[in-house]
Number of protein chains: 2
Amino acid sequence: MTADESLMRECIFLAGSGKGNVSPNPLVGCIIKKDGKIIGRGFHKKFGEAHAEVNAFTDAKKNGYKPEGADVYVNLEPCSHTGKTFPCTDLLVSERVKRVVIGTKDPFEKVNGRGIRKLRKAGIEVVTGVLADECRELNKFFFKYVTQKLPYVTLKIAQSIDGKIALNNFKSKWITGEASRKYVHKLRSEYDVVLIGKNTAKLDNPSLTVREVHGRTPYRIVIDKDSSLPGSLKLFTDNEKEKTFVVTGVSKKAVTEIYSKNIIRVKEKDQKLVLKDILKKFYALNITSVLVEGGANLYSQFVKSGLFDDLYLFIAPKIIGKGISSFNDFEISRLSDAKNLKFIYSENFEKDILIYYKNVHRNSTDNR
Amino acid sequence: MTADESLMRECIFLAGSGKGNVSPNPLVGCIIKKDGKIIGRGFHKKFGEAHAEVNAFTDAKKNGYKPEGADVYVNLEPCSHTGKTFPCTDLLVSERVKRVVIGTKDPFEKVNGRGIRKLRKAGIEVVTGVLADECRELNKFFFKYVTQKLPYVTLKIAQSIDGKIALNNFKSKWITGEASRKYVHKLRSEYDVVLIGKNTAKLDNPSLTVREVHGRTPYRIVIDKDSSLPGSLKLFTDNEKEKTFVVTGVSKKAVTEIYSKNIIRVKEKDQKLVLKDILKKFYALNITSVLVEGGANLYSQFVKSGLFDDLYLFIAPKIIGKGISSFNDFEISRLSDAKNLKFIYSENFEKDILIYYKNVHRNSTDNR
């Protein structure tokens with residue numbers, strides 16, 4: 001690993017501290033180095049607040065350093081437009097830094113290379129593409145959201161060795177162990193939305209909150225076409241109930257009479273809610289990431305439509321026998337028609353194993 | 001790792017070269033060290049031929065060394081009885097070695113500590129229990145066979161992400177990739193027997209031979225209670241057909257009229273063949289290890305009866321949807337009734353992942 005890569009890795013690490021708080025903005029970390037020494041660190045902490053670069057310069061000055069002539073490391077191209085804050089490229093130019101090392105270009109149309117050009121025009125040396133893959137992975141939500149105008153969709157499945165997510169009598173609580181559940185809570189705290197289907201809401205009555213780790217509860221959205229879920233569910237009654245939304249085909253007025261909830265109305269097509277329409281609606285609501293937590297019908301819809309990006313598959317060391325399979329709503333007649341995923345890594349959580357897959361054959365979010 | 005452990009690891013490695021050829025004997029490797037130098041190596045190559053210790057001394061002498069006063073490393077307690085060969089303990093005593101380092105005691109009733117006592121009586125220093133777990137794992141077939149008078153049973157399952165071993169139309173060939181299949185061929189070459197159920201024989205018409213790696217084809221046994229399988233199957237017609245046996249409830253005479261095959265007759269109970277009776281019959285035939293390769297009914301029987309020892313679970317990065325689950329022949333009503341296994345390790349085979357589990361709650365084969 002080169003010195004540039006090593007500092008870029010630290011930027012990625014810093015940037016990660018913003019997870020769950022910056023959406024729909026990207027995660028950004030920034031490091032300022034001068035005379036072989038790190039003089040400032042910063043990351044984007046919260047949507048609407050200062051960018052990483054600003055925080056890093058503030059940090060440097062607070063410590064009594066002058067950034068003039070410094071090297072600046074940042075995982076994403078500095079912004080060149082005035083949004084909620086002043087453009088970071090202008091800051092870098094006015095601070096007269098010598099060199100800027102960038103992970104990936106910012107695909108956002110108002111930036112998309114303009115930041116880099118602006119810096120070069122000002123005589124600053126710019127290096128790009130340092131740990132580009134890691135930087136893209138860090139901001140996978142943002143890249144999908146900006147380039148495809150859809151939120152990033154992750155399926156999370158907890159199943160037995162034999163691929164069952166519940167018994168035939170629908171009992172499904174605690175298939176996996178504590179460590180796995182804790183990791184799921186961590187995931188929830190990083191996604192904008194946790195999405196479930198109607199049956200899961202009714203049968204499991206889950207709370208979908210973040211309890212096992214420090215972090216905020218995401219928006220909890222349940223798809224309920226006819227708005228017929230009982231208002232007594234935890235989602236509608238617990239402390240976080242303002243964070244619960246219902247996707248429905250019923251008009252807001254009709255819904256309000258059943259129970260007063262936050263409604264996301266999606267027009268039915270052939271008496272069905274189309275997944276892509278739901279995701280487009282999410283995009284319009286600035287939702288960049290969705291964690292799908294069941295059940296089998298919803299998982300199946302995402303696989304059939306190809307509208308998911310990756311899969312966290314937790315396997316508990318149990319054999320259940322007959323039961324509910326994770327994808328029970330479609331059938332193929334040739335093995336070559338199976339949905340192919342790509343294995344990325346596996347990790348152990350006590351007795352369970354987590355296998356992380358990415359979807360393949362989808363539009364690339366590559367922005368190299 | 002101590003020096004003793006390091007040499008014991010080499011014994012284990014050496015012993016492994018005998019896999020597939022020594023059953024029902026154990027796998028044994030032996031190393032002779034003198035003056036800080038390895039002067040002889042040997043392993044048990046083939047059932048009925050010389051033991052590892054004999055081969056190691058032959059090797060030392062061939063190289064012009066005198067083993068007197070040497071340290072001898074061996075993963076299993078040297079035999080103290082006259083079987084097909086002269087007792088190895090007598091050899092060690094007559095060669096006047098100084099010290100013997102042993103992995104595990106030999107649980108075989110004619111040895112079981114007698115070898116160690118004999119050596120100590122002769123004034124030889126004996127160290128036991130070096131890398132005992134690894135040594136036991138190496139000889140897991142032998143330990144089960146000797147202590148429980150049953151063969152060691154391994155389930156091998158190749159499934160999709162969603163736990164399907166075949167489509168609903170029974171198409172199941174090549175769910176996993178080449179590297180996984182190659183590993184399965186390696187497994188076959190190490191087991192005495194590959195066992196399948198009648199449906200798998202009929203629907204898949206597998207050959208179950210060892211083709212992708214160098215090694216011998218195991219006995220191929222199919223359970224066919226009524227002896228109604230067609231004689232045209234590959235198992236009955238290919239080059240290795242003498243290695244195919246049929247477990248049946250029908251008398252040999254009746255069978256011979258249908259097709260002339262090697263018959264293992266097991267008495268029916270309530271018109272069923274009982275798995276334990278089949279395994280006892282295998283034990284009587286000196287079968288120490290069985291690799292079960294399907295299908296779902298047979299897997300289910302092994303899980304219900306608890307008569308299996310471990311599971312090689314290959315997962316291909318595919319989603320199949322509706323299909324045949326690996327264990328479709330039993331149902332539980334509470335999650336706490338699920339069959340619990342123990343995760344041991346995972347390994348990647350190109351795009352597939354192999355997860356290795358051991359059965360829990362069974363009689364221990366521990367011989368510490």
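Let's start at the place where the chains meet. Keep in mind that this is a predicted model. Strand 14 of chain A, residues 318-319, pairs with strand 16 of chain B. The sense is antiparallel, and there are 2 bridges. Look for A:K318: the residue opposite is B:N340, in strand 16 of chain B.

Now widen the view to the whole contact. How many residues does the contact take from each chain? It takes 41 residues from chain A and 41 residues from chain B. On the side of chain B that touches chain A, several elements supply at least two residues each. They are strand 7 (164-167), helix 12 (296-305), strand 14 (318-319), strand 16 (339-349) and strand 17 (352-359) of chain B. Strand 16 of chain B gives the largest share of that side, with 6 residues. By class, this side of chain B has 19 nonpolar, 12 polar and 10 charged residues.

Next, symmetry. In general, a rotation about an axis and a shift along it relate two copies of a chain.

Now turn to a sheet within chain B. Five strands form an open sheet, in the order 2-1-3-4-5, with mixed pairing. Why do strand 2 and strand 5 of chain B each have one side without a neighbour in the sheet? Strand 2 (37-43) and strand 5 (125-127) of chain B stand at the edges with a single partner strand each, so one side of each is left without a neighbour. From one strand to the next, the twist averages 20°.

Zoom in on one pair. Strand 1 of chain B, residues 29-34, pairs with strand 2 of chain B in the antiparallel sense, over 6 bridges. There, B:K34 stands opposite B:K37 of strand 2.

Last, the helices on this sheet. Helix 1 of chain B, residues 3-16, lies across strands 1, 2, 3, 4 and 5 of chain B. Helix 1 runs at about 140° to strand 1 of chain B. Helix 2 of chain B, residues 52-62, lies across strands 1, 2 and 3 of chain B. Helix 2 runs at about 135° to strand 2 of chain B.

Terms used. Residues are numbered from 1 along each chain as its sequence is written. Chains are lettered from A and ligands numbered from 1 in the order in which they are written. This is a predicted model: local features need pLDDT of at least 70, side-chain atom pairs count only at pLDDT 80 or more; totals for chains, interfaces and linings use all residues. Two residues are in contact if their C-beta atoms, placed from the backbone, lie within 7 Å. Helices (H or I, at least four residues) and strands (E, at least two) are DSSP runs, numbered from the N terminus. Ala, Val, Leu, Ile, Met, Phe, Trp, Tyr, Cys and Pro count as nonpolar, Asp, Glu, Lys and Arg as charged, and the others, Gly among them, as polar. Two strands pair if DSSP finds at least two bridges between them. Axes are lines fitted to C-alpha atoms, for helices over the stretch in contact, and angles run from 0 to 180 degrees between N-to-C directions.
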